[in-house]
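These are my notebook entries on a structure that I looked up.

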There are 2 protein chains.
Amino acid sequence: MQILDGKLVAQAVKDSLKQKVDALKKEGKKAPHLAAILIGHNGASETYVASKVKTCEELGYQSTLIRFEDTVEEQVLLQQINELNADNNIHGILVQLPLPKQISEEKVINTIAAEKDVDGFHPSNMGKMIQGQPAYIPATPYGILLLLEHYKIETKGKHAVIIGRSNIVGRPISILLSQNTPTGNCTVTLCHSHTRNLKEICLQADLIVAALGKPEFLTADMVKDGAVVIDVGITRVEDKTKKKGYAIKGDVHYDTVAPKCSYITPVPGGVGAMTIAALMQNTYLAATKKQ
Amino acid sequence: MQILDGKLVAQAVKDSLKQKVDALKKEGKKAPHLAAILIGHNGASETYVASKVKTCEELGYQSTLIRFEDTVEEQVLLQQINELNADNNIHGILVQLPLPKQISEEKVINTIAAEKDVDGFHPSNMGKMIQGQPAYIPATPYGILLLLEHYKIETKGKHAVIIGRSNIVGRPISILLSQNTPTGNCTVTLCHSHTRNLKEICLQADLIVAALGKPEFLTADMVKDGAVVIDVGITRVEDKTKKKGYAIKGDVHYDTVAPKCSYITPVPGGVGAMTIAALMQNTYLAATKKQ
């Protein structure tokens, strides 16, 4: 069993980006500039955004953090996005999810200019991704592809089972793994809350992506020997033995599943670690397309 | 075994559209107006376009047919599309595929204004479809959904196996059947040329969509008793006993598969018959959104 080390691969991606950005600057070109919008004070969101801003600094990117209280009116937020769309100094825009109730996620995503949508959530990016046109791929699925690529895991002809059909992970990774690309050509089964016989389906899988958000859901009896297991889950579970009062759990019961796998991602340090690297990759692309 | 009668359901859809268009006209509103662009003289394309124009007439729609020789320059075609985009009297635009070599299908599709893209091929429509936002659904998958709906075939929790991953049929129907909608909530397996054990996978299916374009590919030994079988194939196979010199064959070996099925679509008279009705439905939507 080999661990797919997200920290290691993310660092390699970031090192390569840093070099490229240094080169850009030497040529007198602009560094990539990411604008992040954070609404309210949700703990996880604060952590994610802080981490994105910090990574920008590490790589020599510019970043702008714009904060709103969670009482912000939708119109004010959309106006802010439009200003960022029009600003030639901003290459990438992300609005940290989830949003407060009074704000339509759909409207927010559709308002971000597709060419600055480094989260890859805009319908036109999703559509281009489906059709195999150049597009920003959402960070989590993109991070998974980068991991598979780094470890040279052959996907062609493998049976991949995806658990969870969210627009930001399950759905796009199900599409990407089934496309005619070097990290695709899997037969893909997409499972969700209405799936019957999930255990039997998982037992057929050469590759499982667990992305349903239920801690330790995937157990050893659902995994065949030699499978590749990708754990997208990242849930805070109360744990009084920890200083913070919680532990981070994936969707995979790691201790029992890992011994059966050919490859597995740990949590933390697996897919989660890759996500920001993938976002930085998208932001770099957004910046260089303009120069 | 019950036949899913595409002709019957298509007629019901068309009858309902005709009534609605009559009502529109009585209110002094414009009838839907479809512009079709046909390039060259491919026999099948000629037949499809003629059939679309004829259906427009039957339903009281306006239609405009624009023809180019297959030597047309890309720029000329794109310019024509832009004129149709700008024309307020045109509600829907379709460019009949396939295109001659010198013309990029991607550019053509991306040039059609998304709100007039009644074929549902524009990336922004595809992306909205994925995200469950209102969108034009490509005619063939839409026709399949209308058939399932008409015959009240329960899809929730069923295992659907799709053979073929094309952007216009296999891929979108795999997405639609797995969404959280009344004609969705299937567990979906998407298969293609790199799929191993296709027979074993098909034998698990409660619903099979054969959309690979190989005549009589799906045989009885690949289908479990009671399955629903949807045949998207429509290939001309030489047949000297026929007046035209060819017969139309589906992707399913109908004579042996049909007796095992709970429901099956015939070819012709199944999915193919639904496709134009679905296109007319999209064109009606495009027209009424503007009025």
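I first noted that two strands pair if DSSP finds at least two bridges between them. Helices (H or I, at least four residues) and strands (E, at least two) are DSSP runs, numbered from the N terminus.

The model is predicted: local features need pLDDT of at least 70, side-chain atom pairs count only at pLDDT 80 or more, and totals for chains, interfaces and linings use all residues. Residues are numbered from 1 along each chain as its sequence is written, while chains are lettered from A and ligands numbered from 1 in the order in which they are written.

Entry on pairing within chain B. I found that strand S2 (residues 33–39) of chain B runs parallel to S4(B), with 4 bridges joining them. In this pair, B:Ala35 stands opposite B:Ile93 of S4(B).

Entry on S4(B). In a regular strand the side chains alternate between the two faces of the sheet. I looked up both faces of strand S4 (residues 92–95) of chain B: B:Gly92 and B:Leu94 on one side, and B:Ile93 and B:Val95 on the other, are all buried (20 or more other C-beta atoms within 10 Å of a residue's own, C-beta atoms being placed from the backbone).

Entry on the contact. Residues are in contact if their C-beta atoms, placed from the backbone, lie within 7 Å. I recorded 26 residues from chain B and 26 residues from chain A. On the side of chain B that touches chain A, H5(B) gives the most, with 7 residues.

Entry on strands between chains. Strand S6 (residues 187–191) of chain A is joined to S6(B) by 3 bridges, and the two run antiparallel. Here A:Thr189 stands opposite B:Thr189.

How values were computed
A residue is buried if 20 or more other C-beta atoms lie within 10 Å of its own, exposed if 12 or fewer, and partly exposed in between; C-beta atoms are placed from the backbone. Two residues are in contact if their C-beta atoms, placed from the backbone, lie within 7 Å.
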